[in-house]
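Me: Got a model open here and want to go through it quickly. Can you take my questions as they come?

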Amino acid sequence: MEKPRPAVLPARADIALRDPALCLKPPVAETVTGLSALSRVDRSHVLYWQGEAAGKDIEIVEGVARAVHLCESGARQILAFFWPGTVISPSAGRLLCYTVETVTPCLFRIPPPDRAEAGSRTIGTDEHVLGELVHLLHGISRRCALSRVAWFLLRVREHLPCCGSEPEVLKLAVPRLDIADHLGLSLETVSRCLTELKGRGIIELPNRKTIIFLKEARLKRIANR
């Protein structure tokens with residue numbers, strides 16, 4: 001009996017997967033074996049393309065992904081983020097109105113058909129994005145730029161991983177440009193707001209990729225203005 005041929009990496013991918021079991025390309029994923037095998041991809045790797053049918057469900061084990069709507073003008077609007085423990089499950093038979101791509105290097109697996117065995121929180125992509133948009137509208141409505149940034153930091157804090165052996169130092173997994181494109185602000189405004197929060201002693205920024213929450217109560221007051 002002829003052995004099944006291994007999946008082939010899509011030509012448009014600009015990175016090499018450590019494990020070929022996860023080979024994703026529009027409109028669907030390649031047929032693979034070993035569905036629970038882990039695969040690692042680099043940041044800015046497209047999982048599903050806007051305007052095309054989605055493929056298999058994908059579980060995020062490590063890292064962060066985002067849902068991005070690309071406007072006709074070329075601008076982008078980040079609609080939602082996907083965190084570890086989420087199974088991205090697009091609606092079958094429908095064209096996506098957003099692209100799903102990685103924000104950071106990510107570790108993925110294709111979950112088994114029995115979701116109960118996956119031990120993960122399954123979220124339909126469309127429903128998740130819609131829910132996140134409702135929160136986003138609430139978060140940015142009638143709020144100044146500083147309040148928006150404070151609201152965002154509080155919202156993502158529980159998802160940020162610790163940095164090394166210091167539990168108070170968290171990795172700011174979402175880059176400043178993504179924060180700007182999510183909140184409808186400019187990159188310069190986001191940077192200025194973070195600097196102001198740091199200057200007030202509310203947060204500390206050891207470097208551009210880490211954050212320490214010092215005075216959460218004050219941050220909440222600013223977010224609720």
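Me: Which residues does isoleucine 203 touch, leaving out those up to four places away in sequence?
Reply: This is a predicted model. In it, Ile203 touches Leu153, Leu194, Leu197, Lys198, Ile211, Ile212, Phe213 and Leu214.

Me: And in the largest nonpolar core, which residues touch the most other members?
Reply: Leu153, Leu160, Leu197, Ile203 and Ile211 do. That core has 35 residues.

Me: Which elements give two or more residues to this core?
Reply: β5 (76-82), α3, α4 (176-183), α5, β13 (210-213) and α6 (216-223). Helix α3 gives the most, with seven residues.

Me: What about another core, apart from that one?
Reply: There is one of 18 residues. Leu47, Leu79, Ala80 and Val129 are among them.

Me: Switching to helices. At what angle do α3 and α5 pack?
Reply: About 75°, with the axes 9 Å apart. The two helices are therefore roughly perpendicular to each other. Helix α3 covers residues 145-156, and α5 covers 187-199.

Me: Which residues meet there?
Reply: From α3, Ala145, Leu146, Val149 and Leu153. From α5, Thr189, Val190, Cys193, Leu194, Glu196 and Leu197. By class, that contact has eight nonpolar residues, one polar and one charged.

Me: Now confidence. What does the chain average?
Reply: The average pLDDT is 80, and 78% of the residues score at least 70.

Me: Which elements have the lowest and the highest mean?
Reply: Helix α1 (residues 115-118) has the lowest, 49. Strand β12 (residues 203-204) has the highest, 98.

Me: Where is the pLDDT below 50?
Reply: Over residues 1-35. Beyond near neighbours in sequence, that stretch has 59 contacts in the model.

Technical notes:
Residues are numbered from 1 along each chain as its sequence is written. This is a predicted model: local features need pLDDT of at least 70, side-chain atom pairs count only at pLDDT 80 or more; totals for chains, interfaces and linings use all residues. Side-chain values use heavy atoms; hydrogens and water are left out. pLDDT is the predictor's confidence in each residue, from 0 to 100. Helices (H or I, at least four residues) and strands (E, at least two) are DSSP runs, numbered from the N terminus. Contact means heavy atoms within 4.5 Å. Axes are lines fitted to C-alpha atoms, for helices over the stretch in contact, and angles run from 0 to 180 degrees between N-to-C directions. Angles under 35 degrees count as roughly parallel, over 145 as roughly antiparallel, 65 to 115 as roughly perpendicular and the rest as oblique. Ala, Val, Leu, Ile, Met, Phe, Trp, Tyr, Cys and Pro count as nonpolar, Asp, Glu, Lys and Arg as charged, and the others, Gly among them, as polar. A nonpolar core is a set of buried Ala, Val, Leu, Ile, Met, Phe, Trp, Tyr and Cys residues joined through side-chain atoms within 4.5 Å. Buried means under 20% relative accessible area, exposed over 50%, partly exposed in between (1.4 Å probe, protein chains only).
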